[in-house]
Structures are given as C-alpha cells and as structure tokens.
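Let's walk through a few helices, a sheet and some loop residues, one question at a time.

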Amino acid sequence: MPVQYKDYYKILGVGKSASTKDIKAAYRKLARQWHPDVNPTRKKEAEDKFKDIAEAYEVLSDAEKRRMYDTLGNDWQQRAAQNAQGGYYRSQPGAQRADGGGAQFDFGDLGDSSFSEFFQTFFGNIGRGGNATAGGGRRGARGSDVESVLELPLREAFSGGHRTLTMQVETTCPRCHGTGNEKGKLCHQCRGTGTIPSTKSLDVTIPAGVRDGQRIRLAGQGAPGMGGGSAGDLYLIVRIAPDPRFARKGDDLHIEQAVSIYDLVLGGEVVVPTMTGQIDLKVPAGSQNGRTLRIPGKGMPRLGKGAGQGDLYVKLVAQVPAAVSDRERELFQELAKMAKTR
Ligand SMILES: [Zn+2]
C-alpha cells in the first residue's frame with residue numbers, strides 16, 4: 001500500500017507561516033472538538049481525526065521536525081523510499097518542544113494509536129508509546145519505578161522457579177486515557193492523576209540461589225507513563241523467610257543435628273536433612289559435642305548457571321539420656337570410675 005501524504009498544516013487549519021503559538025491554539029481547539037470522549041456517536045471518525053491532529057501537532061510544534069517536514073517537496077515519496085531503512089530523522093537526546101511542552105491537556109493515549117505510516121517513514125516510531133526507534137521518545141514522562149517486597153521461603157530460594165504474583169498497581173485511567181483531564185476539567189475517575197489502582201497478575205522468574213535483599217527487575221511493570229511515556233520498572237525486593245531448620249550464610253547452609261553420646265564416643269551414622277532429601281552422615285568415633293562436619297555441595301545453589309552449590313555444615317549436638325535404668329546407671333558409674341583411674 002502506498003504511503004499516504006499528510007498535510008499537517010491543512011489538518012490543523014493553519015497557514016505555512018503559522019507561529020508556534022498559533023499551532024498550539026489550533027491544536028488545542030481541534031483536540032477538544034475531536035476528542036473521542038466527546039464524540040460518542042461517531043467515535044471511529046473522532047479517533048481518526050484526533051490521531052491526525054495529534055500527529056500534525058507532534059510535527060509542527062517541534063522546530064526540528066517542522067523544518068524537516070517543510071523541506072519535503074514533490075519528491076517526498078522517493079525520499080521516503082530512500083530513508084525507509086536508514087532513519088531519516090534523529091532527534092537530539094533531551095530535545096525540547098518549541099513550545100516548552102506544556103500542553104499536556106489533550107495527549108490522550110488512545111490505546112494503539114500509533115502514528116501514521118507517513119509519519120513513521122520520516123520520523124520513526126517516536127512520539128507516544130516510548131519505544132523510540134529513531135532515538136527520540138522524549139515526549140511524555142516515563143512512569144516511576146516501583147518497589148515491592150517478595151517474601152520467599154528458603155526452599156523456594158533454593159529451587160528457584162516461577163511464581164504468579166497478584167499486584168496492586170497503578171494503570172492508565174480509562175476515562176481520560178491518562179491525561180488527568182476530561183473536557184478541560186479534572187478527570188472524575190482518577191482525580192487528575194491519570195492513573196487508577198487496579199490488580200494485575202505477573203509471572204515472576206525466581207533465580208535459584210536468590211539472596212535476601214536481592215532485587216528482581218521486571219521491566220515495564222512499574223507505574224505507567226504520562227502522556228504516552230513508557231512505563232517504569234518494577235523491582236521486587238527478595239525477603240527470605242527464616243527457615244526452622246536451615247540457617248543460610250552466603251551460599252552455605254548450617255544445621256544442628258542431635259547425636260547420641262554413644263555415637264559421639266563410638267562413632268556411628270546419623271540421618272541428616274538436606275534441601276533435596278535426607279542423607280546418612282558418618283560421625284567419627286571420639287567426636288566432641290559441637291563438632292561441625294561439612295557436606296560438600298549440599299548448600300544453596302550459587303547464582304549463575306553452572307556455578308555449583310555451597311556446602312552444608314552440620315553441628316553435632318550431644319543428646320544426654322534424660323532418664324536411665326538401674327542397670328544403665330551401674331554401667332555409667334563403672335565407666336566413670338574407669339575414667340578417673342585412667
Ligand atoms: Zn482519569
């Protein structure tokens with residue numbers, strides 16, 4: 001389909017020599033007149049008109065874009081073809097609109113209201129939407145980053161995986177399309193903020209071995225932008241709930257394990273829990289109470305693929321029999337005597 005030429009001056013009903021002030025005034029008047037919300041009976045027509053008006057204003061209110069547009073002559077289609085790949089227009093980082101950008105009133109985000117093919121041929125996909133392919137996109141304010149706490153049991157930090165979170169978030173107000181204005185007055189639904197609270201489901205990937213205090217970034221899931229700016233990011237701050245058995249130190253895990261005095265004296269085996277099931281641990285003969293044994297590779301996964309795992313440290317805690325039979329007492333007394341004479 002051939003790209004259709006857009007006469008931005010005609011769309012705004014201004015002359016080629018119109019001042020920035022004239023252009024802004026014409027735009028405000030037309031945008032108010034054609035805002036889809038005030039044309040419910042011919043919404044489609046109004047949306048198309050409104051898009052054209054916004055696009056014309058985007059170009060003519062920006063000195064650099066306007067100059068470029070003005071140089072287009074009868075050969076514009078040829079130039080469009082030449083420049084379709086290269087990105088004809090490069091806006092300067094931080095470039096400001098000629099009018100200072102104050103006219104936030106009618107910049108409704110009309111959903112999928114991308115600019116026309118004509119516009120994109122020359123200016124790239126800048127303007128509303130924020131995904132600047134031509135290095136622009138300074139229009140509208142980027143939404144702020146949002147922080148939220150994600151509490152995880154240690155077991156989940158160990159295994160990693162997916163989690164679906166239901167978040168309380170701010171989304172673009174459907175009534176005013178994020179402008180905060182409605183027919184020149186504060187929007188009733190959002191009270192002028194342009195956003196309303198709502199809930200949203202997010203799928204979060206939890207990296208195995210995630211640490212307490214670590215931040216997981218979800219790009220574009222923060223607060224929505226204003227006037228077509230891109231959304232901010234959501235940062236989930238990981239809080240790992242204390243585990244009743246395992247204490248974590250870095251990538252290592254620590255537990256205390258009850259061991260009978262017999263096993264400590266004579267040596268033996270105890271069953272020890274790990275994150276992936278129980279294992280048998282050899283207790284060397286003559287182990288002191290409080291001795292710590294290391295089981296390599298049974299700690300937390302180290303962050304990053306193939307980084308291995310930390311170790312599990314098992315502290316042996318002697319269990320003294322609380323009650324003994326008469327016969328046991330006799331034997332202990334005998335042992336005690338022998339120990340004194342040794
Ligand atoms: Zn609103």
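Helices (H or I, at least four residues) and strands (E, at least two) are DSSP runs, numbered from the N terminus. The expected span of a helix is 1.5 Å times one less than its number of residues. Residues are numbered from 1 along each chain as its sequence is written. This is a predicted model: local features need pLDDT of at least 70, side-chain atom pairs count only at pLDDT 80 or more, and totals for chains, interfaces and linings use all residues.

Q: How many Å does helix H3 reach from its first C-alpha to its last?
A: H3 covers residues 43–60, which makes 18 residues. At 1.5 Å a residue the expected figure is 26 Å. The model comes close to that, with a reach of 25 Å.

Q: Are H2 and H3 roughly parallel or roughly antiparallel?
A: Axes here are lines fitted to C-alpha atoms over the stretch in contact, with angles from 0 to 180 degrees between N-to-C directions. The axes of H2 (residues 20–34) and H3 come within 9 Å and cross at roughly 165°. Angles under 35 degrees count as roughly parallel, over 145 as roughly antiparallel, 65 to 115 as roughly perpendicular and the rest as oblique. So H2 and H3 are roughly antiparallel.

Q: Which residues of H3 meet H2?
A: Contact means that C-beta atoms, placed from the backbone, lie within 7 Å. On the H2 side, the residues are Ile-23, Tyr-27, Leu-30, Ala-31 and Trp-34. Their counterparts in H3 are Ala-46, Lys-49, Phe-50, Ile-53, Tyr-57 and Leu-60.

Q: Which strands stand at the edges of the open sheet of four strands?
A: Strands pair if DSSP finds at least two bridges between them. The order is E8-E9-E13-E12, with mixed pairing. Two strands have a single partner each, so one side of each lacks a neighbour in the sheet: E8 (247–249) and E12 (292–295).

Q: What is the bridge partner of Ala-247 in E9?
A: E8 pairs with E9 (residues 252–260) in the antiparallel sense, over three bridges. In E9, the partner of Ala-247 is His-254.

Q: Is Lys-183 buried or exposed?
A: Lys-183 is in the loop between E3 (181–182) and E4 (185–186), and has a positive phi of about 50° although it is not a glycine. A residue is buried if 20 or more other C-beta atoms, placed from the backbone, lie within 10 Å of its own, exposed if 12 or fewer, and partly exposed in between. Because Lys-183 has 10 other C-beta atoms within 10 Å, it is exposed.

Definitions and conventions. Two residues are in contact if their C-beta atoms, placed from the backbone, lie within 7 Å.
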